[in-house]
2 protein chains.
Amino acid sequence: MKTIIINIGNELLNGSRRNSNADLLIETLTPVGAEVIGVVVVGDDEREMTAAIVTAASRAGLIILTGGLGPTADDLTRQVLAKAVGARLVMNHAVERSIKQRFVERGVEMPAINLKQAMVPQGGVVIENNRGTAPGVILNHQGVFYVALPGPPAELQPMVEGVLKPLVEEKSEAEQSRRWRTLRTCGLSESALCEKIEDLFKTDGNPSLSVTAHPAGVDLRITASADKKQAADAIIDSLEKEIRKRLKDNVYGRNSESLEQVVGRMLDSRNMTIGVAESCTGGLLGFRLSAVAGSSRYFKGGIIAYSNSVKTGLLGIPEEILAEQGAVCAEVAEKLAMGVIKALDVKIGIGITGIAGPDGGTSDKPVGTIFICVADRDGANGTAKFTFNGDRESIRWRSSQMALDMVRRMLV
Amino acid sequence: MKTIIINIGNELLNGSRRNSNADLLIETLTPVGAEVIGVVVVGDDEREMTAAIVTAASRAGLIILTGGLGPTADDLTRQVLAKAVGARLVMNHAVERSIKQRFVERGVEMPAINLKQAMVPQGGVVIENNRGTAPGVILNHQGVFYVALPGPPAELQPMVEGVLKPLVEEKSEAEQSRRWRTLRTCGLSESALCEKIEDLFKTDGNPSLSVTAHPAGVDLRITASADKKQAADAIIDSLEKEIRKRLKDNVYGRNSESLEQVVGRMLDSRNMTIGVAESCTGGLLGFRLSAVAGSSRYFKGGIIAYSNSVKTGLLGIPEEILAEQGAVCAEVAEKLAMGVIKALDVKIGIGITGIAGPDGGTSDKPVGTIFICVADRDGANGTAKFTFNGDRESIRWRSSQMALDMVRRMLV
């Protein structure tokens, strides 16, 4: 189902608000069969909006508009959409009643301008808004579905899940089934990975394969078409098997699975507990491990040993080591990991120390030098040194990613 | 300077990669005078790309293209741009040499396909890429600036800062000066805030005012135009003064300043040290405090007391309290804050405990119930209970935001 997304609002173009709705729509609707062929962001401007709608209508079967449904003068989506498809705007009495009711409940007189939100292009169906006053609208005109949704992500999200996703799913079932699956990898560079599977790439083939590199991993997407969903899935299964054979345990998960979810599942199923001792990452690793619901079963906590006094005081790292080798070395990473095992009585400990920058680098240990140790009660299981490029944020992120990956490889 | 951004790449439309480049460009270039009138995302498709470029050229003076500069067959930006403006692609010998040099250094034979990246539309100027092989291109054709940048954010970002931003700045200086400033607030709801400054809103006025609500705060943007930059700034200064008078210490910063930067500056200037004891946030607060470069001067570290055994063991919280009241109560927040002051020997301690969900809520203490205490050596300075809506991620984020804001208000 060819789809175009039109995001409307000056705030999206002047830096006041990031455009998260396009990503949300893409991430929710492509897995169920939407083929997004374009995204357009325009301001609250009738001419721009009209041009975007008319152009989209000639190319897509589903046009999703977000924003511009509020009560104020710069909210133009209803009028512009009605005009673009040649429909009149009519008052929807159910919506009218519910808006009036809202004001009665609040004991406030309703400004007349609010009734603008009860106007719907003739033939349009209303999508109820449980989190705000602006309802959504679905309109089918000359074989094209127009769906207008409110701009605030909290109001839009339930409509996407509850109405738009099932609609796309149903329409796509009827057509030929196009399915995809992402394999997530960590540990191979993009080029090293591509070399191993070069012969599997067929740009216009079925299945097709595409690669996306992230700061700490590479994703591989397999896409396949068939007359039935199951048949498409079978094609994907077979290619996945071949890829896994070649990439081995560098593949850690599928689709939106995160490394912390995968590691958490492994720890959980083995009844193992884990704790962190973080210097340069300052709590990021604990934050990621605890981002998984139910993580309290295996994640016990940790010590943010940002200053040396915490390293010596709470984790028992001898001052001599810090004085002689500095805080950034393999031995300190190991002592951090072993120290947290002892302090928290956990099975696995992770220690991270390094220089996240922008200052503090030396010729010996430049910014981006990171030592990570994963240990169990018998001692260090693995200690690794990394030298990451990038800024403070990305160095810290990559450090946490590598630490999680080291735990995963230990448990595989 | 009217600007249109064209982001190119199938990965942006199929959910493989979020489109962060549009936001980065908008956030970097609008403050220095770019007026972004549209964003278009298209796949790696010659016809779509050409249509986007031709349409943009009739409306904007600056067209920024991202992506499609790599060496492979689906990277089409160079060819399509050259064709769209009627220029030939010519080999740039400096780029050719530098690409060849890269392969020599790596001791690898260069695949001929890589030389594609040395082809530049005639009349185009190359922007060096320090982080990858694909250089950027600037082309001035019939009064329109075309700037093509590589897709990977790490490669694009330095080019935006180093080349594009100064270019836009210079062009905008010459025109009438349009300036803006954002005031960041925390502690008032959008409607409560708007009530206090209602009379200052003038939609088409000069200065104009716009509001954006975020999950944990509200931003106010003041925009003003004048014939000189200084004059526009003076208009903004005067409105900012009036707004601050009314919103008092709910205004915490300007433009992209984060709460952790503001709090960090305050701690630093007062020579104070801080530590965290986090239960439900799992390290997020420490991660945010340590995100600021130079934070080691005031942030000493913390204890991630995710499990009760860490709360009793490392922070000395009596087991009776946990047994009688549970881990989520004001007293535990206070003991966490006081405990970390003692354990880390810091001046200020923050304790956070709560239920981030999705499970673990009771009728008494539903998901979203959070207790936060900020203490100094004399005891609890303030303890607050919050009940946040939203999912696990947003509950944890808001908790960290409120904790930082409590520290800020204590230090103001």
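Q: Which residues of H3(B) are buried?
A: In this predicted model, B:Met49, B:Ala52, B:Ile53 and B:Ala56 are the buried ones in H3(B). Buried takes 20 or more other C-beta atoms within 10 Å of a residue's own, exposed 12 or fewer, and partly exposed is in between, with C-beta atoms placed from the backbone. Helices (H or I, at least four residues) and strands (E, at least two) are DSSP runs, numbered from the N terminus.

Q: And how are they arranged around the axis?
A: They cover an arc of only 95 degrees, so they sit on the same side of H3(B). That arc is taken from the directions from the helix axis to the C-beta atoms.

Q: What's on the face turned away from the buried side?
A: The exposed residues B:Arg47 and B:Val54 are carried there.

Q: What do the buried residues pack against?
A: In chain B, they pack against strands E1 (2-8), E2 (35-42) and E3 (62-66), and against helix H4 (77-85). Contact here means C-beta atoms, placed from the backbone, within 7 Å.

Q: Before we move on, how are things numbered, and what about confidence?
A: Residues count from 1 along each chain as its sequence is written, while chains are lettered from A and ligands numbered from 1 in the order in which they are written. As the model is predicted, local features need pLDDT of at least 70 and side-chain atom pairs count only at pLDDT 80 or more, whereas totals for chains, interfaces and linings use all residues.

Q: Switching to the two chains: how many residues are in contact?
A: 59 residues of chain B are in contact with 58 of chain A. On the chain B side, E2(B) gives the largest share, seven residues.

Q: How does E2(B) run against E2 of chain A, parallel or antiparallel?
A: Antiparallel, with five bridges joining E2(B) to strand E2 (residues 35-42) of chain A. Pairing requires at least two DSSP bridges between the strands. A:Val42 stands opposite B:Gly38.

Q: Last one: which residues have the most contacts inside the largest nonpolar core?
A: A:Ile303, A:Ala337, A:Val340, B:Ile303, B:Ala337 and B:Val340, in a core of 115 residues. Such a core is a set of buried Ala, Val, Leu, Ile, Met, Phe, Trp, Tyr and Cys residues joined through C-beta atoms within 7 Å.
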